Structure formats: C-alpha cells, structure tokens
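Please look at how the chains of this model meet one another, and read the notes below alongside the sequence and the structure.

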There are 4 protein chains.
Amino acid sequence: MTDIDPQEHLSQIPHAAALGLEMVSHDGDTCETRIRNAAHLVGDPDTGVIHGGAITAMLDNVSGMVARPEDMPREKAAIATLDLRIDYMGAADPTRDIHARAHCFKRTRNVAFVRAVAYQDSPDDPIATSTATFMLGTRNEPGKS
Amino acid sequence: MTDIDPQEHLSQIPHAAALGLEMVSHDGDTCETRIRNAAHLVGDPDTGVIHGGAITAMLDNVSGMVARPEDMPREKAAIATLDLRIDYMGAADPTRDIHARAHCFKRTRNVAFVRAVAYQDSPDDPIATSTATFMLGTRNEPGKS
Amino acid sequence: MTDIDPQEHLSQIPHAAALGLEMVSHDGDTCETRIRNAAHLVGDPDTGVIHGGAITAMLDNVSGMVARPEDMPREKAAIATLDLRIDYMGAADPTRDIHARAHCFKRTRNVAFVRAVAYQDSPDDPIATSTATFMLGTRNEPGKS
Amino acid sequence: MTDIDPQEHLSQIPHAAALGLEMVSHDGDTCETRIRNAAHLVGDPDTGVIHGGAITAMLDNVSGMVARPEDMPREKAAIATLDLRIDYMGAADPTRDIHARAHCFKRTRNVAFVRAVAYQDSPDDPIATSTATFMLGTRNEPGKS
C-alpha cells in the first residue's frame with residue numbers, strides 16, 4: 001500500500017486548504033509547513049493583524065504530522081489527540097511567509113509528545129509555540145470512548 | 001459606529017467559512033456556534049472520523065467571541081490571545097451537528113478566562129473542552145511585542 | 001487488603017504535610033481538601049500573599065485523588081499523570097481557609113480527565129482552576145518509558 | 001536594599017523546604033535547582049516511585065525564579081502567575097539527584113513566558129517539561145482581581 005502524499009493529505013482538509021497550508025519538509029520526527037504571503041488571512045483590515053485562528057490551525061496540523069512513529073504503518077497507526085496547548089507571543093506580519101515546525105521530542109509505549117513553533121524570521125523569535133500529546137494505538141471514534 | 005454582525009464576522013474568516021461555522025447565539029459572556037452535518041469534514045473516508053482540526057478551530061473561534069467585555073466598544077477592545085488549551089475526549093459523529101459553547105467565567109482588570117466545550121448531545125458529554133486566556137487592552141501586533 | 005486511609009495517605013507526602021493539607025471528603029469521582037488558616041504559607045511578609053506554589057500543590061494533589069476509578073482495586077490501579085494545566089485567577093486571603101475540589105468529569109478506557117478548583121468563598125469565585133489528564137493501566141516508572 | 005538570597009528564599013517556602021529543594025545556579029533568564037537523593041519523596045514503598053507532586057513543585061518553583069526581568073528591582077516587580085502547564089513523560093529514579101532548569105524564552109511588555117524541564121541524566125531525556133506564563137507589573141492579591 002502506498003502511503004498518502006503529505007501535501008495531498010493537507011489539501012484534502014478543507015480548512016487547511018482555505019489557509020493555503022503547504023508542506024515544506026517531513027523527515028521522521030520533524031515536519032515543517034508554510035503559509036506563503038498571509039495577506040488573505042488578515043482578520044481586521046483596520047489593524048492588518050492576521051486572525052489568530054490561522055496560527056492555531058497551523059500548529060495543530062503540523063503537530064499531528066509527526067505523532068505517528070515512522071516505523072508504524074499508516075493503516076495500523078490509530079492515533080488520538082489527547083490535548084494541545086498553544087502560547088501566543090506575538091503577531092504575524094501578513095506581508096511575509098509564516099512557518100510552522102513540529103518535533104516529536106519524546107515517545108513512550110503509548111504516548112507521543114510534540115512541540116511546535118510558528119515563526120517568520122527564526123524559530124528563536126516565535127509567533128507562538130505549542131505542546132501536544134497523542135495516544136497511539138487508539139483512535140478518537142464516535143461512541144467508542 | 002455600528003457593530004459588526006457576528007455571523008458576518010465568522011464568514012469573513014477563510015477557515016471558519018471553510019468549516020461552515022454558524023453563529024447560534026451570543027449573549028454577553030456566553031456564545032454558541034454550530035457546524036451542521038459535518039460530513040464535509042471527515043478526514044479519512046475509511047474511518048469516517050472528523051479531522052480533529054475542525055474541533056480545534058471551533059473552540060478557538062468561539063472562545064475569542066466572548067473575550068471582549070460587553071461594555072467595551074469594539075474599536076477600543078484591543079485583545080491578545082495569551083494561550084489556549086484543548087482536551088480531546090472523543091470523536092464527533094459526522095452525520096450530526098456539532099456545537100461549541102464558550103463562557104467567560106472570570107475577568108480581572110487585564111485578563112479574561114474563557115472555557116468552552118464542543119459537543120453533540122449535551123455539554124456534559126463533551127467531544128472536547130478548552131480553556132483560553134486573553135489579555136485586554138493590548139493586541140498581538142507584528143514587531144510590537 | 002485494606003485500602004489506605006486517604007487522610008493518612010496525605011500525611012505521608014512530605015510537601016502535602018508541610019502545607020497542612022486535610023481531606024474533607026472523597027466520594028467516588030469527587031474529592032475535596034482544605035488548608036485551614038493559611039498564614040504559615042505567606043511567601044512575602046510585605047504583601048501578605050500566599051506563595052502560589054501552595055495552590056499548585058493543592059490542585060495537583062486533589063486531582064490525583066479522583067483519577068482512579070472506584071471499581072478498580074488500588075493495587076491494580078497503575079496510574080500515570082500525563083499533564084496538568086493550572087490557571088491562576090486571584091490570590092488567597094491567608095487569614096481564611098482554602099478549599100480545593102476535584103471532579104473526574106470524563107473517563108475513556110485508558111484516560112481520566114479531571115477538573116479542579118481552588119477557592120475560599122465559593123467555587124464560582126475561583127483562586128485557580130485546573131485540568132489534568134491521567135493514563136490508567138500504566139505507571140510513571142523509571143527507565144520503563 | 002539588599003536582594004534576598006535565592007537559596008534563603010527557597011528555604012522560607014515550607015513545601016520547598018520539605019522537598020529539600022536547593023538552588024544550583026541563577027543567571028538572569030536561566031535558573032537551575034536540584035533535589036539530592038530523592039528517597040524521602042517516594043510516595044509508595046511498593047513501587048519505589050517518587051510522588052509526582054514533587055516534580056510539579058520543582059517545576060513551578062524554578063519557573064517563578066526567572067519570571068522577573070533582571071533589570072527590574074525586586075520591590076517593584078509585582079508578578080502574577082497566569083498559568084502553568086506540565087507534561088509528565090517518565091518517572092524519577094529515587095536513588096539519584098533530580099534537576100529542574102527554567103529559561104525565560106520570551107518577554108513582551110507585560111508577559112513573561114518560561115519553559116522548564118525536570119531531568120536526571122540530561123535535559124534531552126526529560127522526566128517532565130513545563131510552560132508557564134507570568135504577568136508583570138501586577139500581583140495576585142486577595143480581593144483586587
């Protein structure tokens with residue numbers, strides 16, 4: 001079975017497609033995505049500030065990309081998000097690209113811990129950072145909790 | 001100056017529009033939104049499970065709706081999201097409506113604390129819950145942090 | 001095997017004992033603890049403000065009390081804390097009692113979600129609130145992650 | 001006015017003293033503390049696992065140490081903790097030292113963001129990590145929220 005192409009995967013998610021989210025790289029436990037020129041995401045023309053929800057969606061999305069262990073086949077990799085925390089530190093300049101990079105920094109048998117950062121110039125000057133926890137070998141399914 | 005209509009506000013946010021997010025009610029510190037029949041948000045046709053990002057976006061969005069104190073005029077209400085935490089407890093049934101309800105349960109001079117819940121049957125059987133913190137009288141602006 | 005008495009359990013934890021933490025009630029998914037007259041916890045005599053760490057420890061402790069399902073025997077109930085988030089909303093008056101109440105509001109097969117609140121007058125006027133996630137059937141063990 | 005000695009500050013906090021928390025270093029935006037040989041903190045003799053509350057208290061405490069900007073005099077540095085999130089990834093070996101290191105990685109005019117890690121061998125193999133948000137120029141005071 002051929003794995004789904006990650007960029008194709010992104011474009012099938014309606015609100016990811018609406019954001020214009022692009023896959024930059026995906027190498028095992030690390031993934032980077034990008035929104036080019038975010039002018040279409042300005043929430044309020046008076047202030048020129050990008051709607052915060054765009055940053056939330058970027059971090060949520062890129063974090064999920066690295067939760068699955070590389071050696072686990074996609075069709076067996078039932079994954080449930082347990083929680084997500086985002087700290088917002090600044091606002092994005094809508095005339096430039098926004099990047100989001102995630103790294104799975106710890107795995108136990110059942111849980112994956114992922115940190116991500118959204119930035120423009122450098123990950124050291126973040127727009128927002130996040131931590132997410134995923135449970136492996138299970139799945140968020142209706143009526144099965 | 002006339003206040004912006006909340007439903008109109010929602011439809012101007014590209015990824016909120018992509019989700020089909022609708023305003024149900026907005027009464028001071030409490031707001032409720034809805035996605036009718038979420039079949040268009042199923043991430044993986046094999047499992048029929050809605051993409052978790054849709055729930056994240058709903059909770060993020062509805063929480064921001066109640067951060068501004070009612071007696072503060074919109075044009076003066078500079079608001080910055082400080083952080084957001086979401087706990088995911090189950091998955092949504094895509095054949096039914098999804099609701100998200102937010103309540104601002106505490107305000108200090110500078111900070112508003114908001115809890116929200118996404119649900120189908122009842123808020124007591126949540127799909128996900130969240131807590132968000134907003135700072136009032138400031139704004140996430142590029143280069144002004 | 002007799003279950004450990006909860007108050008006895010509290011007094012065996014050095015920093016819980018140092019706080020003067022008392023068990024008030026423990027009924028299934030809900031638990032309440034108390035610190036009587038918190039004057040001994042004032043961090044800075046100039047301000048008369050209780051050290052925030054006391055509130056953190058109260059909420060952490062009371063949340064753990066309700067993670068184990070009532071029908072699971074203690075000796076089989078391996079429980080690992082996954083995460084804890086605390087929002088601080090005000091300060092405690094050190095001349096009065098501080099209460100902390102936890103409620104396990106959702107269980108899935110593997111995970112328990114607990115909310116807690118620290119307060120003086122009423123849970124509706126919180127000093128701090130928290131959300132914690134626990135994994136059941138596992139244990140935080142050294143070198144076994 | 002002489003600044004309070006940080007080690008002295010620690011020993012005045014009852015539950016920090018009960019934990020045996022020691023200051024290792026404090027250099028501007030970074031602080032490190034330690035608990036030597038944590039055998040006295042084992043919660044359950046059967047499992048030899050340290051009570052999770054000890055790790056919570058270490059991270060809470062070390063994070064507060066770096067919230068105040070170095071160039072702000074202590075007597076003017078009213079600081080309120082807004083929130084704290086801890087992710088627990090493993091358990092501590094009670095026969096060895098536990099370290100906790102905090103770093104203030106972002107400041108805006110009003111808010112300081114602090115990350116901390118508790119570890120034994122290396123910060124890259126964490127027992128737990130945390131993120132905390134502090135508001136500067138205000139204070140958690142009773143009845144002043």
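Strand β5 (residues 79–88) of chain C runs antiparallel to β5(D), and 5 bridges join the two, where strands are DSSP runs (E, at least two residues), helices are DSSP runs (H or I, at least four), and both are numbered from the N terminus. Two strands count as paired if DSSP finds at least two bridges between them. The model is predicted, so to speak of local features needs pLDDT of at least 70, and side-chain atom pairs count only at pLDDT 80 or more, while totals for chains, interfaces and linings use all residues. Residues are numbered from 1 along each chain as its sequence is written, and chains are lettered from A and ligands numbered from 1 in the order in which they are written.

**Chains C and D**
- Within the strand pairing, C:Leu84 has D:Ile86 in β5(D) as its bridge partner.
- The contact takes 38 residues from chain D and 38 residues from chain C, with two residues in contact if their C-beta atoms, placed from the backbone, lie within 7 Å.
- On the side of chain D that touches chain C, the elements giving two or more residues are α2 (14–19), α3 (52–65) and β5 (79–88) of chain D, and β5(D) gives the largest share, 9 residues.

**Chains A and B**
- In chain A, 38 residues are in contact with 38 residues of chain B, and the largest share of chain A's side, 9 residues, comes from β5(A).
- β5(A) pairs with strand β5 (residues 79–88) of chain B in the antiparallel sense over 5 bridges, and A:Asp83 stands opposite B:Asp87 in β5(B).
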